[in-house]
Amino acid sequence: MSKPWLIIFIFLLIQTLSHLSYGDVGTAAHYSPPYIPTACFGNDASQFPSSNLFAAAGEGIWDNGASCGRQYLVRCISAARPGTCNPGETIQIRIVDRAETSVSRPSSNGATIVLSTTAFGAIANPSAASVNIEFQQV
């Protein structure tokens with residue numbers, strides 16, 4: 001005798017526990033003001049979103065400057081210290097600079113994306129130097 005509720009329960013449990021990833025995986029660091037001038041837009045203060053959710057592109061996504069203005073969904077997936085990520089938080093950031101040449105130095109070298117202090121704090125504990133992220137261009 002089949003129990004349809006049990007089959008449905010098992011199906012829903014598997015769906016809940018499995019996570020399909022549609023983005024890329026990399027690392028995120030953070031940087032502090034001053035943010036201008038930037039490699040993308042110079043001294044134009046209007047380049048920054050009012051939410052302050054912006055970033056500098058690491059060499060892996062810089063794309064010879066083509067990344068300027070691109071937007072990415074970013075979420076923290078892990079860090080060296082457990083509990084660093086803010087679970088369930090995904091932010092949308094705008095690339096406004098190149099990490100390698102930014103006025104302010106990143107908290108960690110070689111990051112895929114260097115987030116503004118506001119952006120980093122939205123997805124992780126700001127005391128961390130870097131975190132592992134999932135990101136996807138939108």
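Here are some notes on the predicted model shown above.

1. Ground rules. This is a predicted model, in which local features need pLDDT of at least 70 and side-chain atom pairs count only at pLDDT 80 or more, while totals for chains, interfaces and linings use all residues. Residues are numbered from 1 along each chain as its sequence is written, and side-chain values use heavy atoms, with hydrogens and water left out.

2. Overall layout. Reading from the N terminus, the order in the protein chain is α-β-β-α-β-β-β-α-β.

3. Burial and surface. Of the 138 residues in the protein chain, 35% are buried. Here buried means under 20% relative accessible area, exposed means over 50%, and partly exposed covers what lies in between, with a 1.4 Å probe and protein chains only.

4. Contacts along the chain. Take the contacts in the protein chain with a separation of 6 or more: 77% of them come from residues 24 or more positions apart. A contact is heavy atoms within 4.5 Å.

5. Disulfides in general. The count comes to two disulfides, each being a pair of cysteine sulfur atoms within 2.5 Å. Counting bonded cysteines along the chain, the pattern is 1-2, 3-4.

6. Cys40 and Cys68. This disulfide has its sulfur atoms 2.0 Å apart and is left-handed, with -80 degrees about the S-S bond. The pair links distant parts of the chain, 28 residues apart: Cys40 sits in the loop between strand S1 (24-31) and strand S2 (54-57), and Cys68 in the loop between helix H2 (59-62) and strand S3 (71-78). Cys40 counts as buried because its relative accessibility is 18%, whereas Cys68, at 23%, is partly exposed.

7. Cys76 and Cys85. The sulfur atoms are 1.9 Å apart in this disulfide. The torsion about the S-S bond of Cys76 and Cys85 is about -50 degrees, so this link is left-handed. Both Cys76 and Cys85 are buried.

8. Glu134 and Arg75. Side chains of opposite charge can pair when their charged atoms come close. Glu134 forms a salt bridge with Arg75, with the closest N and O atoms 2.8 Å apart. That pair joins distant parts of the chain, Glu134 in strand S6 and Arg75 in strand S3, 59 residues apart. Strand S6 covers residues 131-137. Glu134 counts as buried because its relative accessibility is 13%, while Arg75 is partly exposed at 25%.

9. Arg70 is partly exposed with a relative accessible area of 21%, and so is Asp63 with 41%.

10. The Arg98 network. The side chains of Arg98 and Glu100 meet in a salt bridge at 3.6 Å, N to O. Glu100 is partly exposed, with a relative accessible area of 48%. Through salt bridges that share partners, Glu59, Arg98 and Glu100 form one network.

Terms used
Helices (H or I, at least four residues) and strands (E, at least two) are DSSP runs, numbered from the N terminus. A salt bridge is a side-chain nitrogen of Lys or Arg within 4 Å of a carboxyl oxygen of Asp or Glu.
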